[in-house]
Structures are given as structure tokens and as C-alpha cells.
Amino acid sequence: MAKRKLSRRRLLAAAAGLPLAGAASAQVIRGDMPWREGEADAPTPVQGGGYKFFNPAEAACIEAVVARLIPRDELGPGAVEAGVPIFIDRQLIGEFGRGARWYMQGPWGSGEKTQGYQTRLTPAAVYRAALKSIDDLVGREGKAATFAKLGPADQDDFLHRLEKGQVQLSGVETKTFFDMLLQNTMEGFWSDPIYGGNRDMVGWKLIGFPGARYDNRPFVTQYGKPYPLPPVGLMGRPAWSRS
Amino acid sequence: MATRLPPVDVLIVGFGWTGAILGQELTDAGLNVLALERGAWRDTPIDFPPTFDQDELRYYWRHELFEPLAHETLTVRNNVSETALPMRRLGSFLPGINVGGAGVHWNGQTWRFLPSDFLARSHNQSRYGAKAIPPDMTIQDWGVTYDELEPHYDKFEYLCGISGKAGNLQGAIQPGGNPFEGPRRREYPNPPLAMSYPPTLFAEAARSLGHSPFPQPAANMSRPYVNPLGVQLGPCTYCGFCEKFGCGNYSKASAQTTILPVLMKKPNFTLRTESEVIKLNYDAAAKRVVSATYVDASGQEFEQPAEMVILAAYILHNVRLLLLSGIGQPYDPQSGQGVIGKNYAYQITSSVNVFFDDKVLNPFIGAGAHGMVVDKYNGDNFDHSGLGFIGGGYIGNIQTGARPIETHPTPEGTPKWGSAWKKAVAANYLKSMSIATHGAVMSHRGNYLDLDPTYRDVYGRPLLRMTFDFTDNEHRMSDYITDRAAEIARAMNPREIKVNYRKGSWDVVPYQTTHNTGGAIMGKDPKSSAINRYLQSWDAHNLFVMGSTAFPQNPGYNPTGTVAALAYFSADAIKNQYLKSPGFLVHA
Ligand SMILES: Cc1cc2nc3c(=O)[nH]c(=O)nc-3n(C[C@H](O)[C@H](O)[C@H](O)COP(=O)(O)OP(=O)(O)OC[C@H]3O[C@@H](n4cnc5c(N)ncnc54)[C@H](O)[C@@H]3O)c2cc1C
């Protein structure tokens with residue numbers, strides 16, 4: 001595992017132009033398929049509660065925002081109940097938040113829509129600027145001090161205007177933020193629970209996705225029949241562990 | 001200063017699908033072969049075992065198996081009047097990195113091109129007249145025929161254990177297969193995959209309209225298989241984490257599951273990972289590549305001399321290395337002169353969502369190439385008179401596994417969030433499916449690859465610049481076959497459908513396909529092509545360029561069957577002709 005992690009980190013470190021002191025040279029592989037026990041590069045589950053990226057004001061804002069994007073309603077839990085804010089928080093303190101895999105060298109230009117993402121901000125910086133700007137804008141509009149303090153209908157109205165580009169955030173392009181927010185919210189609702197969202201697999205249960213099922217052969221030709229098994233995550237499902 | 005290393009017989013640059021094929025073939029010929037791969041070693045038990053392989057976030061959305069753009073990317077623009085900007089995040093296509101290349105996370109849809117595809121210019125000209133090909137459409141014949149490639153297609157299909165049903169056995173049309181395909185010498189090595197409900201519904205509807213649907217040829221195993229090298233693959237479990245994922249179950253053909261267990265044991269083969277080739281050192285007077293310069297993980301430079309060099313780094317890196325090394329004349333879209341970067345092409349896709357009220361489809365049951373297909377509107381399988389375009393594509397329902405972050409379709413007019421959205425997603429997820437079209441892109445004078453004047457990689461070298469857009473030909477063709485797909489969708493009697501035409505300019509953001517082609521195309525002479533029919537460079541006789549790099553234009557099928565057939569065709573020529581008398585195999 002150490003070897004493999006190092007390889008990946010090395011590539012990214014090299015990309016960031018960091019010194020590579022002490023890194024081993026190329027691996028020469030001859031005579032067999034290399035394999036050693038315990039090298040499997042398993043994912044690291046999110047541990048512990050509480051925010052590590054968002055400050056209290058940002059946390060209140062993001063919780064209120066995602067609660068409108070995927071609301072709790074008669075169909076069941078929404079984004080907050082699924083843990084989406086914690087999911088986004090942990091993504092933003094990790095590789096994703098740093099844009100570690102992205103090409104982040106200048107010069108910076110805005111270009112055509114078909115040329116894609118062109119801002120110099122990392123996702124962490126995008127959220128930092130956007131959440132502050134949302135609260136500032138709401139405060140200036142005067143209905144409430146912050147987004148979280150607006151009523152649901154006003155919150156929806158604000159988000160609709162954000163989506164349509166009718167309010168302009170400062171320090172970050174509105175569309176860049178909104179697209180990222182919506183995408184990350186879906187990710188937090190439907191990714192494996194090890195990443196902190198999709199708590200109790202509520203996202204999967206809502207739609208009938210069985211999760212990390214390994215063998216669907218018995219069901220391939222069961223035309224029109226409901227899938228009989230409950231969803232399962234990479235760490236199993238709640239019923240597997242007794243507390 | 002680069003450290004100079006002892007010479008080898010053969011140096012392979014890049015160790016994905018084509019690198020592994022050439023490694024296996026040329027070590028069989030007794031040569032001493034060294035492969036250099038920029039990424040790390042990668043294999044099933046350590047990188048994507050069944051205990052954590054089914055992870056949509058990590059592998060697809062966080063791109064863990066794909067090229068990290070921080071290290072190297074390319075710049076994109078739709079035409080020469082725009083300033084190209086870097087592809088900062090992955091989107092439209094997903095180049096691979098690490099051992100096995102993109103072959104680790106491909107779908108396994110394994111096609112042969114049509115016999116007429118190899119004669120794109122002459123065939124269309126003779127059937128529809130010279131005017132059918134607009135002046136700026138720079139399509140060419142390949143210089144190799146279907147019949148010449150047939151044994152090599154067959155070899156790849158048996159290596160991989162392709163599951164499918166022949167449609168044309170030595171000229172006799174077979175019920176249940178693709179009636180339009182070229183003749184094949186024998187059946188597929190494995191029967192088709194078991195079909196789930198959606199492809200079955202698609203096929204019924206297609207048949208009701210007079211089509212001949214058939215199972216998508218699949219590199220997913222329909223049963224246990226031992227390939228001709230003695231390597232064993234297991235039956236596919238339809239887990240739905242296949243396309244964009246590694247297979248935890250040894251059920252999808254890749255270099256790892258078909259070749260490496262044999263090749264890695266050979267005493268005359270060596271692999272160096274984390275070794276990135278930054279330049280081929282070219283002796284223009286001798287018309288030879290003398291060595292390659294590469295950088296290892298610690299940043300040290302090495303010079304590796306070789307008698308022969310196989311460029312197998314994927315089309316985008318193949319073309320960039322040729323440009324950075326000054327091998328061959330760069331293409332100039334103004335004059336139409338030059339060959340390196342010429343005729344870059346892609347794929348044009350569209351889809352139709354189909355929503356039922358009464359059918360539970362369990363769309364998460366799937367595999368990368370699990371589905372049914374209609375080929376009536378591909379290539380020249382139909383009369384194009386009066387249609388205003390040439391070429392075509394296939395129409396199919398491929399159930400690749402509806403992983404929910406990527407796939408949660410909603411009907412026309414549904415908001416993108418909120419309670420109404422949530423309701424629509426919950427109501428439709430299990431009861432919807434999608435029909436895809438997968439179309440050809442003809443080459444065009446203004447679509448090409450060169451070096452970017454502004455943007456640099458981590459070593460300070462210019463990035464590749466891609467100038468590409470769909471032309472009228474592609475849009476007309478794609479709209480036409482999308483309408484045919486919608487007819488099939490309606491014949492399924494759903495509650496409603498949603499037709500998603502491919503509108504406007506090529507956009508780098510949404511994923512389409514990793515079927516980039518051209519840039520160092522094959523052909524009959526050095527004026528119009530970069531490599532000859534054996535994939536040998538016209539400018540360096542000991543340099544062979546693999547991959548879809550060679551395609552003069554991109555037919556309506558996924559490329560890898562043909563990429564592999566060309567690789568075997570080239571390996572045969574190296575073994576049977578080149579080694580006997582090293583030099584140009586075709587005289588200009
Ligand atoms: C999501 C996805 C789905 C696909 N599905 C299908 C499908 O269903 N059917 C189909 O036909 N095709 C499919 N493809 C395409 C298929 O994967 C490619 O056609 C095939 O892998 C190309 O083989 P290659 O050898 O040219 O490149 P690759 O297999 O990508 O190998 C190239 C290798 O070269 C290495 N390399 C690059 N530059 C350097 C350098 N400078 N020095 C050293 N090493 C270098 C790379 O790291 C990589 O390992 C799919 C691709 C993707 C990404």
C-alpha cells in the first residue's frame with residue numbers, strides 16, 4: 001500500500017512542481033507479475049463528525065442550501081439527512097478541494113463555453129468565496145441576515161435566481177459555483193457511504209439502486225421482477241454489524 | 001545530462017493495449033524488448049479488487065484511473081479563429097495512465113469496421129459521385145483492406161474471448177448476428193452475454209420495424225474462458241461497474257487479463273514503470289530513431305538506445321511525441337500540406353431516453369458491452385442518395401450499469417433540483433432506459449492537432465493543441481440516425497421519450513467517448529500520410545506508430561478492435577519482413 005500510494009502522490013507532487021527529494025527511481029519489473037500481500041489500495045472511510053473545512057457561518061449556509069436542492073419531504077430524507085454537508089466538507093479538505101488532478105497553470109482566459117472550466121480557483125476557494133457572497137447578497141436584499149435565516153420559499157427563489165445567473169456572486173463565477181454545488185450534492189447523496197454522505201444508503205433506497213452488489217447473474221433475465229436484495233455499501237450494510 | 005543506457009532490440013513507448021500486443025508478438029520473435037510506461041504498475045488485486053471496485057465516486061468522478069491533467073493535458077478550441085485553452089478538468093474523453101492504459105477502464109465493445117469503411121473515399125465517390133465528398137472533407141482510403149485485416153481481427157477476438165454472434169460466416173449470413181458485417185472466418189469464441197430486460201425490449205421493437213438487432217460484441221465474458229495464450233478469464237457477473245472502471249472479477253479483457261501473465265514471465269521482456277518518454281531522438285539523415293529520452297519518478301533523465309521503436313502511447317501522446325521530436329512534417333490547415341496532426345477525428349453520439357410506467361427494468365444490471373444493436377444505419381449499409389451526408393453509426397441499447405450519480409434520468413421539463421426533481425428521479429430510475437447512437441466523424445481540413453504556442457506541461461514542453469468541431473456532415477448524419485433511434489423508442493410503447501440530439505459545436509465538458517483518432521494517419525504515400533500500411537513511419541524506417549492515430553477518418557464503431565487488428569498486422573510485417581531486411585517496407 002505504501003508503495004502504491006507513493007506512486008500516485010509522486011505524480012501529483014511532480015505536477016505541482018514540488019521537490020522530489022528521496023523519491024525512488026523507476027520500477028524495473030521483470031520475470032513476473034509483481035504482487036505483495038497487503039498492497040491493496042483500499043479507500044479511506046470518512047471518520048468522525050464535525051466540520052473540518054467549513055466555519056460555522058459557512059456550515060449553516062451549505063446546510064440550508066443543500067436542504068433545498070434535495071429536500072426532506074414525503075418521499076423521505078433529503079441531502080442534510082444523508083450527510084451531504086459533511087461529504088462536501090471532507091471532499092474540500094482532500095485532493096478534490098485542492099484541484100490536485102487539474103491543470104492549474106496560467107495564463108487564464110475565459111474562452112468559449114465549449115472550452116470548459118477556466119477559473120483559477122480550486123474547489124475549496126470556489127466554496128469559500130461563494131458561500132460568503134451568498135450570505136452578503138441575502139443580507140443586502142434585506143429579508144434576512146443570512147441565507148439560512150430565509151424561509152424555504154425565499155431560499156428557493158434565491159437559488160433559482162442563482163441558477164439562472166440573475167444574481168451575481170463576487171469573487172467567483174456564479175455558474176461555476178452552481179454547477180459544482182449541484183454536482184457535489186448529487187455525489188454526496190449517491191456515492192458510497194464511506195465518503196460521509198448517503199447515510200444509511202438513503203440516496204440508494206430512494207431510487208432502488210442496490211449499491212456495491214457484486215454478482216447480478218441470478219437476476220439478469222428476471223424480466224420485470226423487483227430486485228430482491230437490499231442495498232449494500234463497500235463496508236457492508238447496517239444489518240451486518242450488531243451493536 | 002541524460003544517463004545513457006545499454007541498447008535494446010525493441011523499445012515500446014507506452015504500455016497499454018497496443019504496447020502489450022507488440023510486446024507479446026516481438027518477444028515471441030526472440031527480440032529483447034523493453035517497455036517504458038509513464039504510470040505505475042497496476043493490477044486487479046491491488047487496484048480494483050471486488051472488495052472496493054464498485055466505487056462510482058472514486059473511479060469515475062474523481063478520475064482515479066485516468067490521466068492526471070496536472071501533469072499533462074492538451075488545449076482545445078473549435079476552430080482556428082479561437083484561442084485554444086487548456087482542458088483543465090477531464091470531460092469529453094478520458095485518456096488512460098498506468099500499466100494497461102485505457103484498456104483497463106474501457107467498455108469492451110469490440111467491433112470490426114465494414115469492408116467499405118477502409119475505402120471511404122473511393123467507395124463513396126464511385127457510389128454517389130465525386131460531388132458527394134465536399135472539397136474540405138479530407139477523407140482517404142486506408143491502404144489496407146478488410147480482407148487483409150480479417151485474420152488479425154480474429155486473433156484479437158480470440159485473445160479477448162469476445163462474446164457475440166457471427167452475422168456473416170465466410171459469406172453466409174447468419175440469423176441473429178449482424179447481417180451487414182464483413183465475412184468472418186469463424187464464430188466468436190464465446191456466445192453472447194445473457195440479455196437483461198431493456199435490451200430485450202429494444203430488440204423486440206427494432207424487429208417490429210423490420211430491423212435485425214443482434215448482441216453487441218463484448219469483451220465481457222459470457223462464460224469462463226481460457227485464451228490461446230493459456231490465460232484464464234472468469235464469467236461476467238453484470239455488476240455494472242465496468243465502463244470507466246477496472247474489472248474486479250477478471251471478466252473483462254484487458255492487457256492484464258489476457259497478455260501480461262504470460263509476457264511478464266518472459267526472460268527477454270522488461271518493463272520500466274514511472275518512466276515517461278519526453279522525446280524520440282531522430283537521425284534525419286539515416287531516417288532512423290536512435291533512442292528515446294525519458295524521465296523517471298525522481299526527475300532523472302535517461303537515454304535509451306534501441307534498434308526499433310514502437311510508439312504505443314495512445315493517439316494524443318503519439319502525435320505529440322512525433323511533433324516534439326521533429327519527425328515528419330507538421331500539418332498546416334491553411335495550405336493542406338504536411339502530415340503530422342492531419343485528419344484528427346472523433347465520434348458523434350446522441351441518445352433517446354425512454355420512460356415506462358409499467359416496466360421494472362433494474363437498469364443497474366449491466367456490463368460495459370451488454371446490450372443489443374442495430375447496424376442498418378452505419379457506414380454505407382443504407383442508401384445515402386439525397387441525404388446530404390456520408391457515413392453513419394449504430395443504434396443500440398447498451399446497459400452499462402446505471403450508476404446513480406451519472407444516471408438518474410428525468411422527463412422533459414423536470415427542474416434540476418428540489419422536491420419535483422426528487423419525485424421525478426424516484427419515479428423513473430427503475431423504469432427508464434436509453435437508446436444510444438454512435439456515429440462516424442469524417443476528417444475535415446480544419447480539424448487537426450499541433451503544438452500549443454502558450455501552454456506548457458510540467459517539464460516546460462508545449463502541450464498538444466486540438467482544433468476540432470463537428471461539421472454539417474456529422475450533424476446531418478447524427479440527426480438522421482437519432483430520428484431512427486426515436487422511431488425504435490416509440491415502437492416500445494413507452495409513456496414518453498426524450499430525444500437528445502447532438503446540437504452545436506463540440507464541447508469538451510460532457511463525456512462523449514474516448515475515441516480520438518488520426519493525427520499520424522496511414523496511407524499510400526508520404527505526401528498524404530504519416531505512416532504506411534504497416535504503421536511504419538515514412539520518415540524513420542525503424543519507427544512503428546500504433547493506435548487509432550492511424551485512422552484517416554473515424555468510422556461509426558468503437559475503435560479498439562481495429563486498433564488491435566492493425567497492431568497485429570504491423571507486428572506480422574515486422575516479424576516476417578522488417579527483421580529480415582530492416583528498411584522501408586513500402587517504397588515511396
Ligand atoms: C471509458 C472508456 C471506455 C472505452 N470503451 C471502449 C469500447 O467499448 N470499445 C472500444 O473499442 N474502445 C473503447 N475505449 C478506447 C480504448 O480504451 C482505446 O482504444 C485503447 O485503450 C487504445 O489503446 P492504446 O494502446 O492506443 O492506448 P492505451 O491503452 O491508453 O495505452 C497507452 C499507454 O501509454 C502510456 N503513455 C502515454 N504517454 C507516454 C509517454 N510519454 N511515455 C511513456 N508512456 C506513455 C499511457 O500512460 C498508457 O498506459 C474506451 C476508452 C475509455 C477511456
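Modeller: Strand 4 (residues 74–77) of chain B pairs with strand 20 of chain B in the parallel sense, over 4 bridges. Before we go on: this is a predicted model, where local features need pLDDT of at least 70, side-chain atom pairs count only at pLDDT 80 or more, and totals for chains, interfaces and linings use all residues. Residues are numbered from 1 along each chain as its sequence is written, chains are lettered from A and ligands numbered from 1 in the order in which they are written, and side-chain values use heavy atoms, with hydrogens and water left out.

Colleague: What makes strand 4 and strand 20 of chain B a pair?

Modeller: Two strands pair if DSSP finds at least two bridges between them, and here there are 4. B:Leu74, for instance, stands opposite B:Leu464 in strand 20. Strands themselves are DSSP runs (E, at least two residues; helices are H or I, at least four), numbered from the N terminus.

Colleague: Which way does strand 19 of chain B run against strand 20 of chain B, parallel or antiparallel?

Modeller: Antiparallel, with 5 bridges joining strand 19 (residues 448–456) to strand 20. B:Tyr448 has B:Thr467 as its bridge partner. The hairpin of these strands has 5 residues between them, and B:Gly460 takes a positive phi near 85 degrees there.

Colleague: Why is strand 20 of chain B called mostly covered?

Modeller: Buried means under 20% relative accessible area (exposed is over 50%, partly exposed in between; 1.4 Å probe, protein chains only). In strand 20 (residues 462–467), 6 of its 6 residues are buried.

Colleague: What makes A:Asp73 and B:Lys422 a salt bridge?

Modeller: The rule asks for a side-chain nitrogen of Lys or Arg within 4 Å of a carboxyl oxygen of Asp or Glu. Their side chains meet at 2.9 Å, N to O, so the pair qualifies. Across the interface of chain B and chain A the rule finds 6 salt bridges. Helix 10 (residues 419–428) of chain B gives the largest share of the side that touches chain A, 6 residues.
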